[in-house]
Amino acid sequence: MDNIVTCHVFGRTSWFVASFSSSKYEVNRILVAIITGLLIFPTVLLNLIAMLTILKSTVLKKKICYFLILIQSVVDLGVGCIGTPLSLFHLIIPFLDYMNCYAIFTTMPLSFLPTGFSIITLFVMSIERYIGVLHPYSYTTLLTKKRVLCVIQCGFMLVLSVVVVSFWFNIIGIFVSVTVPALIILTSFVFTKIYLEMKRLLRSEVRPCVNGSVEHISKMKLFLREVKHAKSCFLVVVVFLITLAPSSFYPIFLLWYGPSLESDAYFSWIIVFATLNSCLNSVIFFWNSSVLRKEAVNVLKAFHCCSSHTSY
């Protein structure tokens with residue numbers, strides 16, 4: 001096909017769309033590029049607010065659960081600042097008449113980096129919630145910032161290695177096909193255990209309290225507080241899996257249609273969903289945490305006051 005250009009880079013064969021033989025594919029590409037470009041601003045803004053809120057708050061930055069939200073916000077900010085612009089460059093190539101195979105080839109693996117980092121962060125979030133809800137009294141001894149950061153750094157190095165190797169061998173698809181089902185299994189296990197424990201404690205709450213009622217009430221309050229954080233984590237994981245679902249079917253789509261305008265149109269919407277996920281994460285965190293909302297308002301007020309004084 002004249003509108004499909006094949007490139008041979010680093011011993012690998014790749015393809016991209018150079019022109020459109022049908023107006024519907026051209027309109028689709030323009031629409032996707034506009035939506036992707038518009039999503040960059042809220043993605044960057046919301047994640048910046050989340051980061052500043054946690055960093056400025058003496059209450060939030062001490063807690064592991066908010067420390068993980070901070071890391072996830074940094075990753076999502078990377079999507080808005082690096083991943084999405086690289087993807088946007090890939091989307092507008094046909095309109096730029098730009099045929100540099102090396103530049104086109106390297107943008108897509110690099111744009112995957114934030115998504116891979118998100119997978120690692122969500123793994124750690126799920127494990128943190130499991131320990132926080134089901135083993136609250138061992139939480140502070142089992143989980144420290146140093147340990148969590150060490151695990152995340154190892155995970156990030158794994159993702160970086162996958163991206164580097166993918167320049168010669170296409171292993172990103174293998175990485176996703178292994179880690180995403182593993183994340184689904186882990187999430188299902190963790191939140192099923194949390195749900196069953198919540199049902200058990202609620203049943204015990206209905207029964208008349210006897211000895212140790214004060215301890216029971218204290219345990220119940222601690223448990224419900226941790227469950228509230230778990231709901232945020234669960235929603236973030238679910239939204240991530242939903243927005244990642246189209247990319248899971250892309251290999252089948254590509255196998256059926258091959259390098260074509262149809263495959264390219266499908267892939268372009270994968271970019272939109274990936275960017276949308278990074279925008280929604282902050283919304284979920286702020287929506288589920290009243291503490292985070294209050295601290296964010298304080299940070300924005302302080303920033304507004306500083307801006308007002310500077311203008312004078």
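How far is the sulfur of Cys 154 from the closest cysteine sulfur? I found 4.5 Å, to Cys 150, which is too far for a bond.

I note that this is a predicted model, in which local features need pLDDT of at least 70 and side-chain atom pairs count only at pLDDT 80 or more, while totals for chains, interfaces and linings use all residues. Residues are numbered from 1 along each chain as its sequence is written, and side-chain values use heavy atoms, with hydrogens and water left out.

**Cysteines.** I looked for disulfides (pairs of cysteine sulfur atoms within 2.5 Å) and recorded zero in the structure. Cys 150 is in no disulfide. I list Cys 150 as partly exposed because its relative accessibility is 43%; buried means under 20% relative accessible area, exposed over 50%, and partly exposed in between (1.4 Å probe, protein chains only).

**Ser 73.** I located Ser 73 in helix H2, residues 64–96; helices are DSSP runs of H or I, at least four residues, numbered from the N terminus. Ser 73 has 1% relative accessibility and therefore counts as buried. Leaving aside residues up to four places away in sequence, I found that Ser 73 touches Asn 47, Ala 50 and Met 51, contact meaning heavy atoms within 4.5 Å.

**H1 and H8.** I then examined helix H1 (residues 23–56) against helix H8 (residues 261–288): they pack at an angle of about 20°, with axes 8 Å apart. Axes are lines fitted to C-alpha atoms over the stretch in contact, and angles run from 0 to 180 degrees between N-to-C directions.

Technical notes. Helix = DSSP H or I, 4+ residues; strand = E, 2+ residues; numbered from the N terminus.
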